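This report goes through a protein model by its domains, its salt bridges and its annotated sites. The sequence and structure come first.

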Amino acid sequence: MNALASTSRNLRHAARILGLDSKIEKSLLIPFREIKVECTIPKDDGSLVSYVGFRVQHDNARGPMKGGIRFHPEVNPDEVNALAQLMTWKTAVADIPYGGAKGGIGCTPRELSMSELERLTRVFTQKIHDLIGIHTDIPAPDMGTNAQTMAWILDEYSKFHGHSPAVVTGKPLDLGGSLGREAATGRGVVFATEALLAEHGKKIKDLTFVIQGFGNVGSWVARLIHEKGGKVVAVSDITGAVKNPNGINVFDLLEHREKTNSLVNFQGADGLDPNELLVHECDVLIPCALGGVLNRENAGGVRAKFIVEAANHPTDPEADEILSKKGVIILPDICANAGGVTVSYFEWVQFAEYSGVHVG
């Protein structure tokens, strides 16, 4: 199911349960502002290439809009709209005084050099600088972006508006970033997992885990679960998947990935068809990659007893219904992965207060 259709369907379902007025429901379905820009840059070989960038600002009723910027080939208006909507719900669930926003550029970061990524980021910032701001809309890292990306945005924005460290979060420490921000989303996922399991009389150290996605969030989730004694039995990323029923040594896998930029040929595990990962036997399944990976085609084969949504909208509504009938307990993304935006708030608020405007 389309990402926006899926998210909007969930909102309508929640609105019916809550008895929301139809006018409020409609206003929550329509974003405050949608931005689409062309980003043309010179490549290192001198040729010109164009990309399309998006920023959707969903709602500012509770405070400045907040949300990441992702660089990924599947970025499109509907996905960005859905993710912005989810940020509105996530900040409300976490009781942080923000609204929701999201942005992205349809590109493949690993095919671009560092200088090309910088040029692309700066051009995108030039196109949206007058629509973001310390008390308006605060970007952060997301899939395919990182602290360096935020540093470029901050520098480019500051050319127009003066030095404004609170305009982005997830910055390098030297520019006012927060210790622990890189691990925050993954750490929050693990805290949420511990709380969920505790309600059912279980502990991480007694269970097996399958983790889809081994980027920033997935790698931190795997590392922290491994440290707590949990058994990570299968992991995947864009390069492939590996499994070990006796548990993968996550630190060895991280070292292998660092050396080879791949999970394949890791000596401490066997290869696994990535399409089989989500239905691999485990106690807890943690999707940490793209949305919509659990759908009506594969939900019936899921063998996990718990699903923790570290990714944004990884479970389609049809899959929700199937999994619910199977008795699978799902911890929703707007709770499970709120650790990142929580630490982003701590980073932002110190500089927002320093700017002389009271927040909170």
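## Domains and their interface

Between domain 1 and domain 2 there are zero salt bridges, a salt bridge being a side-chain nitrogen of Lys or Arg within 4 Å of a carboxyl oxygen of Asp or Glu. The model is predicted: local features need pLDDT of at least 70, side-chain atom pairs count only at pLDDT 80 or more, and totals for chains, interfaces and linings use all residues. Residues are numbered from 1 along each chain as its sequence is written, and side-chain values use heavy atoms, with hydrogens and water left out.

Domain 1 covers 20–178 and domain 2 covers 183–337; these bounds come from an automatic or database domain assignment. Their C-alpha centres are 27 Å apart. Eleven residues from domain 1 and nine residues from domain 2 take part in the contact, where contact means heavy atoms within 4.5 Å.

## Make-up of the interface

The two domains bury about 860 Å² between them, with 65% of it on carbon and sulfur atoms. Buried area is the accessible area (1.4 Å probe) that two parts lose on being put together, summed over both. Of the area that domain 1 buries against domain 2, L86, K90 and V93 supply 47%, more than any other three residues.

Helix α3 (residues 77–93) gives the most to the domain 1 side, with five residues. Helices (H or I, at least four residues) and strands (E, at least two) are DSSP runs, numbered from the N terminus. The domain 1 side that touches domain 2 has five nonpolar, one polar and five charged residues; Ala, Val, Leu, Ile, Met, Phe, Trp, Tyr, Cys and Pro count as nonpolar, Asp, Glu, Lys and Arg as charged, and the others, Gly among them, as polar.

## Salt bridges

The whole structure holds 19 salt bridges. One of them joins the side chains of R119 and D44 at 2.6 Å, N to O. This pair links distant parts of the chain, 75 residues apart: R119 is in helix α4 (residues 114–128), and D44 is in the loop between β1 (33–42) and β2 (48–59).

## Annotated sites

An unreviewed UniProt entry gives "binding site" at K66, K90 and S344. UniProt positions are in the numbering used here, feature names are shortened, and annotations may be inferred rather than shown by experiment. These residues span 279 residues in sequence, but no two of their C-alpha atoms are more than 13.0 Å apart, so they gather at one spot. K66 belongs to strand β3 (residues 65–71).

UniProt also places "binding site" (unreviewed entry) at T185 and N216. They are spread over 32 residues of sequence but cluster in space, with a largest C-alpha distance of 8.6 Å. T185 is part of helix α6 (residues 181–199).
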